[in-house]
Amino acid sequence: MSKKNDRAFANAKKFISGGVNSPVRAWHAVSGSPIFVQKAKGSKIYDLSGKEYIDYVLSWGPMILGHAHPKIISAIRQSATSGTSFGAPTEAETEMAQLICEAIPSIEQVRMTSSGTEAAMTAIRLARGFTGKKIIAKFSGCYHGHADSMLIKAGSGVTTLGIPGSPGIPEETAQLTLSLPYNDLESLQKAIEIHGAQLAAIIVEPVAGNMGVVPPRDGFLKTLRELTAKENIILIFDEVITGFRFTFGGVQNLLKIKPDLTCLGKIIGAGLPVGAIGGRKEIMRHLAPLGDVYQAGTLSGNPLAMNAGLTALKLLKEKKADFKAVDEKTEYLCSEIQNIFKEKGFCVCINRYHSMFTIFFQEGPVFDLATAQKSDTKMFARFFHGMLKQGVWLAPSQFEALFVSFAHTNKDISCTLDACKLALKNI
Ligand SMILES: *Cc1c(COP(=O)(O)O)cnc(C)c1O
């Protein structure tokens, strides 16, 4: 990396813990210094020396329309001139909520937050408040933000760094969270048999993205819906990644499954700090001020974030056909990458769900955290650096999703494939 970048990171480490404001950004899993970003536009991101990279991280999911989309930037600009925060309601919030309710049939009402973490935390609290039960269940390798009760066998940075839980979370809290293997109906049935009467909620990434991409097996979510409904357990779909990534709505629209509560974030904020929780009125009315389950936020429903998000959602609604185009681009990219690896005699397992994918450095299949962890992370790290050298920006961990945006061109895809060939030559 350039001297300028080294200096930037050294400076950051003086004043920011670890030099970064979110752990995976520090590149511990792939070693080396993280690249500081100067700017980004469309499918490209630029380092401090101006080198251009094709970006498959997209701010970890939000930038489905590409970076610095002119309509979104103009919405933010226009909104900012009228003031950046009021701590009082605005009509943009209603418009945003209405659009989300229209897009996702299981959502009758929403509450906006400033992050996905807050959305998941609120969903859990609401489920407990609504059912009067204490225990919650999640699936190993799924990530639902960094609230205490969700950091048990979590994905994302927690998997990357190999931390099973986290110091600072009292055992008593951890004991209230069951962790089940993803895609395993037998364990699920057993857990519900034993704990059903105490289970307030089961939270799931309907397509897991935080242990690398792991799609649900046929029947997994349908059975999960049936069992939770029978036992009066709130089913929470954490669609912070999947919301508006595959269609104008959640992945639940495609799967035709209605959870009780849904968490949103990332894409609905268009790159500004946003989260949302939504669901049936009957449950949502238990939130304060109507109900007694407390939830709040000084910057919740922030006008800049609402106007940016609204603009993004309206664009996605207009450009529904582009979802199919981006799927096809991703499918082509993945199948060609698979071929390149095969020709070079490397074995990889590519898990793809529409426009998100992970190249697992192993034979596969990968269907849960345990199988994901069989990957050769050292080989992944070499591939990561090889691609970076060729101008392709991948997530700095084996256990993350890669994303394709509407802004990625056919040329980006073919450049990425050329980069892949060169990267494998020197791996
Ligand atoms: C990113 C993510 C979160 C957390 O959102 P933040 O905005 O980072 O707090 C929660 N759930 C899932 C599935 C995520 O991918």
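Good morning. I begin with an open sheet of four strands, in the order E1-E2-E3-E13 and with mixed pairing; strands here are DSSP runs of at least two residues (E), helices runs of at least four (H or I), numbered from the N terminus. Two strands count as paired if DSSP finds at least two bridges between them. Strands E1 (37-41) and E13 (392-393) form the edges, each pairing on one side only.

This is a predicted model, in which local features need pLDDT of at least 70 and side-chain atom pairs pLDDT 80 or more, while totals for chains, interfaces and linings use all residues. Residues are numbered from 1 along each chain as its sequence is written, and side-chain values use heavy atoms, without hydrogens and water.

Within the sheet, E3 (residues 52-55) and E13 run parallel and are joined by two bridges. Ile-54 stands opposite Val-392 in E13.

I turn now to the cores. A nonpolar core is a set of buried Ala, Val, Leu, Ile, Met, Phe, Trp, Tyr and Cys residues joined through side-chain atoms within 4.5 Å, where buried means under 20% relative accessible area with a 1.4 Å probe, protein chains only. The largest has 72 residues, and Ile-268, Leu-316 and Phe-383 have the most contacts inside it. Helix H11 (residues 303-318) supplies the largest share of this core, nine residues.

Which residues does Ile-268 touch, not counting those up to four places away in sequence? Among them are Met-96, Phe-244 and Leu-313, a contact being heavy atoms within 4.5 Å.

Key
Buried < 20%, exposed > 50% of the residue type's maximum accessible area, 1.4 Å probe, protein only.
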